[in-house]
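Have the sequence and the 3D view ready as you read.

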Amino acid sequence: MPISTLLSVLCFVVFYRFGNPLRILLMFSLLIDLGIDAVTWHYFLPINDYLFYDDGQTLEPARVSKFVTSWVTADYLRVGLIMIGFYASVTALHLSYKVRR
């Protein structure tokens with residue numbers, strides 16, 4: 001479990017009682033982090049295993065090209081999700097200061 005997901009779980013648990021808007025943002029950030037982890041484990045890592053740890057076998061150029069193209073395209077989606085999750089976390093941080101006053 002990456003540190004970002006661990007921090008999302010910790011923030012969700014600690015700030016759960018602070019109100020509905022904060023809870024929704026932290027839950028959204030947590031779900032995005034879990035989604036990113038799932039996509040990384042089930043999509044990116046098998047491609048990386050083929051491209052980088054192929055036990056000395058010859059790589060097929062057409063398959064490598066297809067994998068690299070799909071990896072780059074999917075990585076744009078992953079970076080977009082990371083940015084959305086970061087925005088939700090920063091907004092939740094802003095709301096947590098409003099709640100304390």
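Predicted model: local features only at pLDDT ≥ 70, side-chain atom pairs only at ≥ 80, totals over all residues.

Residues are numbered from 1 along each chain as its sequence is written, and side-chain values use heavy atoms, leaving out hydrogens and water.

Start at helix α1, residues 3-14. Helices here are DSSP runs (H or I, at least four residues), numbered from the N terminus. Which residues of α1 are buried? They are Thr5, Ser8 and Phe12, where buried means under 20% relative accessible area, exposed over 50%, and partly exposed in between (1.4 Å probe, protein chains only). Seen down the axis of α1, these buried residues fall within an arc of 55 degrees, so they line one face of the helix; the arc is taken from the directions from the helix axis to the C-beta atoms. They pack against α2 (20-52), with contact meaning heavy atoms within 4.5 Å.

Now look at the other side of α1, where Ile3 and Val13 are exposed. Leu7 also belongs to α1, and it counts as partly exposed because its relative accessibility is 47%.

Finally, find Arg78 and Asp75, whose side chains meet in a salt bridge (2.9 Å, N to O). That term means a side-chain nitrogen of Lys or Arg within 4 Å of a carboxyl oxygen of Asp or Glu. Arg78 and Asp75 are separated by about one helical turn because they are 3 residues apart in helix α3 (residues 61-100). At 18% relative accessibility, Arg78 counts as buried.

Terms used: Helix = DSSP H or I, 4+ residues; strand = E, 2+ residues; numbered from the N terminus. Expected span 1.5 Å × (residues − 1).
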